[in-house]
Amino acid sequence: MKFRIKRRKTHQHQPQGDDYTLAVRFADKIKNELQDFVKAIVLFGSVSREERANHIPDIDILMVVDDLTMMLSEEVIEAYRIITENTASAVSRRLHITTMKLTNFWEYVRNGDPIAVNMLRDGYPLFDTGLFEPLQQLLHDGRIKPTRESMYSYFARAPLTMANADWHILQACTDLYWAVIDAAHAALMKYHVVPPTPGHVSEELRQNMSTMKLHKKYVRTMNEFFTLNKNIVHRKIQSISGKDYDTYKTKAQEFIREMQRIVKE
């Protein structure tokens, strides 16, 4: 008995353009190399969404590999990495490959994780063994929803991310300190002064003020940055506002311009 089953269209319309062609070429090559090991190859990101960009975008591709029926030894993982990197390089340097184990991908989907949801929402399957498109349809039908555990897991990241933001500003201030130190060392070397340790730079600048035609405010700036860095290192300062950082950066830029004047004389 013959009968027809109409296929439901679960994905977005097929992307167009050279980037899509490159993605298809990669998918064709890699599936021939990996065969049953790969369960899905999906184009996602800006190329899949066909967004216009002011820069040349990466071509983002998700590869879901089978870690359930296949044994993932270290040798297999290394061979996979080499094959994937070589294949991607042969097609385009702009290919950005994201690999997920089937078990991990399923956990992301089951928990309604934003990473998996965005891939399902925007992804276009270049190769699929019956994994990706059904999940896309489940998302479309509202059958994939965030779990309570996923919600709290994401919320728990927020304080850590805020702490990281504070750390980056502190690190940026430390970078300003070393920029000031390097500039001061260069200016002192111009007058044949052996570069001192950071703690003695301001004193050397003070002693050579008349020779270098240096205003005393730059000695104060050097002292200020040395004290700032010391307080950061010893955790006496644990956060710095963006406004204060801008002030420090302006002072550092002015200091470096003055050292540049000395070096070029």
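Helix α5 covers residues 114–122, and its buried residues are Ala 116, Val 117, Met 119, Leu 120 and Asp 122. Please keep in mind as you look around that this is a predicted model.

Now let us step back to the whole chain. Eleven helices and four strands make up its secondary structure count. With a radius of gyration of 28 Å, well over the 18 Å that the globule rule gives for 265 residues, the chain is more spread out than a compact globule. The C-alpha trace spans about 105 × 45 × 40 Å along its principal axes.

Domain 1 takes in residues 18–146, while domain 2 takes in residues 154–264. Their C-alpha centres lie 46 Å apart.

Here are some percentages for the chain, side by side:

| Property of the chain | Value |
|---|---|
| Residues that count as buried, of 265 residues | 38% |
| Contacts joining residues at least 24 apart, among those between residues at least 6 apart in sequence | 71% |
| Accessible surface belonging to carbon and sulfur atoms | 53% |

Note on methods. Residues numbered from 1 in each chain as written. Predicted model: local features only at pLDDT ≥ 70, side-chain atom pairs only at ≥ 80, totals over all residues. Heavy atoms only, no water. Buried < 20%, exposed > 50% of the residue type's maximum accessible area, 1.4 Å probe, protein only. Helix = DSSP H or I, 4+ residues; strand = E, 2+ residues; numbered from the N terminus. Domains from an automatic or database assignment. Rg over C-alpha atoms; globule rule 2.2 N^0.38 Å. Contact = heavy atoms within 4.5 Å. Areas by Shrake-Rupley, 256 points an atom, 1.4 Å probe, with all protein chains shown as cover.
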